[in-house]
Each structure stands twice: as C-alpha cells, then as structure tokens.
Amino acid sequence: MQLKSILNRVERYKSFVYGKVQWVEDAARPTIEVRIEPRANGRAICSGCGRPGPGYDRLPERRFEFVPLWQIAVFFVYAMRRVDCPRCGVTVERVPWAEGKHTMTTTFRWFLARWAKRLSWQEVAGIFQVSWEDVFRSVKYAVSWGLAHRDLSGIEAIGVDEIQWQRGHHYLTLVYQIEDGMKRLLWVARDRTEASLRDFFQTLSEEVRLSVRFVCSDMWQAYLNVIAEQLKNVVHVLDRFHIMKKMGEAIDEVRRGEARRLAQDGYEPVLKPSRWCLLKRPENLTEKQTVKLAELLQYNLQSVRSYLLREDFQRFWEYSSPGWAAKFLDQWCTRTLRSRIEPMKKVARSLREHRDLILNWFRARGKVSAGAVEGLNNKAKLTTRKAYGFRTYEGIETALYHTLGALPEPEFTHEFC
Ligand SMILES: [Zn+2]
C-alpha cells in the first residue's frame, strides 16, 4: 500500500489529489513530502467570499506540516492558485487542509491540541518536534473553535469561584456548570471584581440566563452583588466547600497569631509544625499527627478552641430540615461570638449575615451536585500549577478552557490520536 492510498483513506479532499510522495534527502530530520494538485476540472475557491472564480496565476510552492508518520515529519507541498474574483479582486484560494497563512495543517493543529490535554505543552512540543508556541497556538485554536461551537442551552446550576495564580494576590474568576450530567468550566476572567463576573452573564443569551435555577458561590461581596443583580428567582447557595474553606483560613490565622505570641513570651513553639493537625479532619490525620493533636489539646489554646468550634460545625451539614439547621446555625454563631477569638468571630458574623443563603444549601440539596465546585476547583489549581510555562494570562486562560471546558471538536474522518 502506498502512502497516497493511506492519505486518501484518512484525509481525502474533494477538489484536490495527492501527487508525488518523496523522501527528502539531507533534511535535518527524516522528512517526507507529499505534493498536492488540484483536480483537473476543479476551480479555485476565493478565500474572500468562498465562491469559485476564474484562475489568475499560481504562487510559489508552500509547505504545510501534517501529522508525522513513525516519527517521520510529513509535509504537504502545494502551489496556491490566485483567483480573479469578480467580487473581491485578486485573492489567494481557500484550501481545505489549512487556514490563512498557517504553515501547519488544521489536522496537525488538532492533533497537537489533543495531545496537550494528556501531556504538558512542553512534552508535546518535544515529542512532535515543534515549538512550545506551536503547541500553544494549536491549543488556542482548538479552544476558540470549541467556544464558538459549544452549546450553552439549558444550564441549570452554576458555581462561581476564584483561584489564585502567579505569586501574590492575582485572582481569576471561574464559573462552572455543576449539574450531575454536566460539569465543566464555562468562564474565566481576570480578577474577582464585579466586572469579572458580570461579563460572563453578558455573554449569555437571555434564554440561557433565565434557565439558571441554582447558583453556588462563596461570600465574596462582589460576586454576591452581581448574582443578585443578574439572576432573579434563583436559589443562591453558599456551599459547604466555601464555608469550610473560610473556617480553615480563620483557624490558620488564629494559629499563626498565637504561635507568634507564644514565641514572644518565650514558650516552646508547639504550634509551628502542627499546622496540618489543625487543618485536617481527624480521620485524615497520620499517627504522628494524632499524638501532636493530643498534646495540643491539653493546652487551652485559642487554636484548639477554634478547631473544636469547626469540628462542631460539621454537624450542621447533617441536618435534613432547614428549620433545625437554622436553629443550630444560630446557636453556633452565638457561642462563637462569645469566644473572644477574633478570626472565628468574623466567620460567625459573616455566617449570620448570609444566613438565608447558607440555609439554601438544604433547599438545593440533590439539585446541585455536591462537591462539584470543589472538584473542579482542585483540577483548575492543578492546571495552573503544572509547569506548562504559562507566563501570561492568555496562556492560563487557554489551558483552563482546554482542560476543563469539555469543549466540542469537529468530526474527523480519522482519529489520529
Ligand atoms: Zn471573492
């Protein structure tokens, strides 16, 4: 079987034929060139208007990189025709294997983009002997195609969250769809301002916006404002993940402050290595950490009392009736506000302030996939941490949509990978 026959099976073009196939001597790496010719009766298509037009002349041959075969680079070679289009003037023809001035075939770009879902961009570049930028541009192409072709109809539940990126306080706002059948990233924006989130709602059609029934978010005021403004008649849930995260942060703050004070007063720094004991749930502690925790519990430290308050709060999520849950919440807040532990009091005040939204957790139960925001958030963090060489916002945005967006792809005759 000849390479031409294989190409006709995997990548056949109606108006073009594969011609001579040859091994390129003295190329830097093993290379095959495949010449392409237009069919005898085929007229060139104007790239301006997409209609066939009379020929004008032919340009010098161009090379288009195709999917490699056995680590042998494959290039299509073709001399583009120019069209004397009555509407657009003289234009270069449109060809089915590549777009615009690209030197890569569209199939090869999709091939690289698909591999970039499984491996880091650096690895993909190394294996297929292209540059990191080639991989990035291919992924970007796949992402823009996917965003333009995705179906947003019938979204019922969304979750809003933020993650940090780069070092310091740079945030990204992320919006997820969080239903049982469909969990995906819908939106990425810089910062966590009202505009970051409002722009998302502005990309939605009125119909899609009205289909949203549930929204999960944390207590970040900018998000609360925009959700209240953009979504009427939704159940807005402050979910478990975000609330427990807030509590974890408060405990950490108490511990750090207390460790500092103890050290100033000349006490043993018992709290320093114990960070994980206080942040983990008891069932997740290692044996050594359990000993540490037992030791810590002998002190009547604020950290320990905060920890116990948090542990007690876990019971809140076990209630099935919103009424009893509300009662528990109120009692817990009263108790915590008397604790004289400022970071925990701050949490209690904030819980009290958002009481209705928190109790919505019990109203949305079963409708919103529990833990979905947390799961997607962890994947998003992993994506930003992977050493992909994302120095720019554009890079991180592209990577997030590519990994988490569940974006559609065009239909191919052949699956190359
Ligand atoms: Zn035209």
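Select Ile158 first: opposite it stands Val215 in S9. This is a predicted model, where local features need pLDDT of at least 70, side-chain atom pairs count only at pLDDT 80 or more, and totals for chains, interfaces and linings use all residues. Residues are numbered from 1 along each chain as its sequence is written.

Now select strands S6 (residues 157-165) and S9 (residues 214-217). They run parallel, joined by 3 bridges. Strands here are DSSP runs of E, at least two residues, and helices are runs of H or I, at least four, numbered from the N terminus. Two strands pair if DSSP finds at least two bridges between them.

Widen to the sheet. It is open, has 5 strands in the order S8-S7-S6-S9-S10, and its pairing is mixed. Go to the edges: S8 (183-190) and S10 (235-238) each pair on one side only. Neighbouring strands are turned by 25° against each other on average, direction ignored.

Axes are lines fitted to C-alpha atoms, for helices over the stretch in contact, with angles from 0 to 180 degrees between N-to-C directions.

Colour by domain next: domain 1 (3-103), domain 2 (157-239 + 368-404) and domain 3 (240-363). The bounds come from an automatic or database domain assignment. The centres of domains 1 and 2, over C-alpha atoms, are 42 Å apart.

Finally, show the whole chain. It holds 16 helices and 10 strands. Its C-alpha trace spans about 90 × 50 × 35 Å along the principal axes.
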